[in-house]
Each structure stands twice: as structure tokens, then as C-alpha cells.
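The sequence and structure are shown first.

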Amino acid sequence: MQLINIGFGNIVSANRIIAIVSPESAPIKRIIQEAKDSGSAVDATYGRRTRAVIIMDSGHIILSAVQPETVAGRLDKDEVEE
């Protein structure tokens, strides 16, 4: 199982990530609100601004304070090391 750091010591399973997107667009904001309402949102920002939204295959939405490019770079780096 491959794990990836999404900031502040929080780690998620890289194998279960569907997408890493920016929270700026209206459709993504709607997805975030729906996930919060249904209880499937995980806020890993530690009170900071949300910079990346990680969509998991389980239907959970993870909010991260790390840039999407940084998370994707960590994912690529881990794949190269294996």
C-alpha cells in the first residue's frame, strides 16, 4: 500500500485517489459542500486555506492546505522510488 503525505503529517492511501483538484471552481465548491453536508468530507487543513481537494474512490473528499501540484509531485516521486 502506497501512502502520500498531504500536509501537517496527514497521510492518505495513494492507490485510492481518483483526482487532485483546485477548490476554486463552482462545481468543486458544490462537491465540497455536498460532502460536508453528508459527512464524507475530511478537513485536513488545520484551519488554513484549502488549496487542494482530493477525491477518493470511496466517495470521501479530503481538503488539504497543500497545493495540488505539490501533492501530485509527492505522488510521482513515490512512484519513481518503488
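With which residue does Glu24 form a salt bridge? The partner of Glu24 is Arg49, with the closest N and O atoms 3.6 Å apart; a salt bridge is a side-chain nitrogen of Lys or Arg within 4 Å of a carboxyl oxygen of Asp or Glu.

The model is predicted: local features need pLDDT of at least 70 and side-chain atom pairs pLDDT 80 or more, while totals for chains, interfaces and linings use all residues. Residues are numbered from 1 along each chain as its sequence is written, and side-chain values use heavy atoms, leaving out hydrogens and water.

By the rule above, two salt bridges are counted. The other entry in the table joins Arg16 and Asp57.

| Salt bridge | N to O distance |
|---|---|
| Arg16 and Asp57 | 2.8 Å |
| Glu24 and Arg49 | 3.6 Å |

Arg16 is partly exposed at 40% relative accessible area, as is Asp57 at 43% (buried is under 20%, exposed over 50%, partly exposed in between, with a 1.4 Å probe and protein chains only). Glu24 is partly exposed at 47%, whereas Arg49 is exposed at 52%.

An open sheet of four strands runs in the order β3-β5-β6-β4 with mixed pairing; strands are DSSP runs (E, at least two residues), and helices are runs of H or I of at least four, both numbered from the N terminus. Two strands pair if DSSP finds at least two bridges between them. The edge strands, β3 and β4, each pair on one side only. Between β5 and β6 the pairing is antiparallel, over four bridges.
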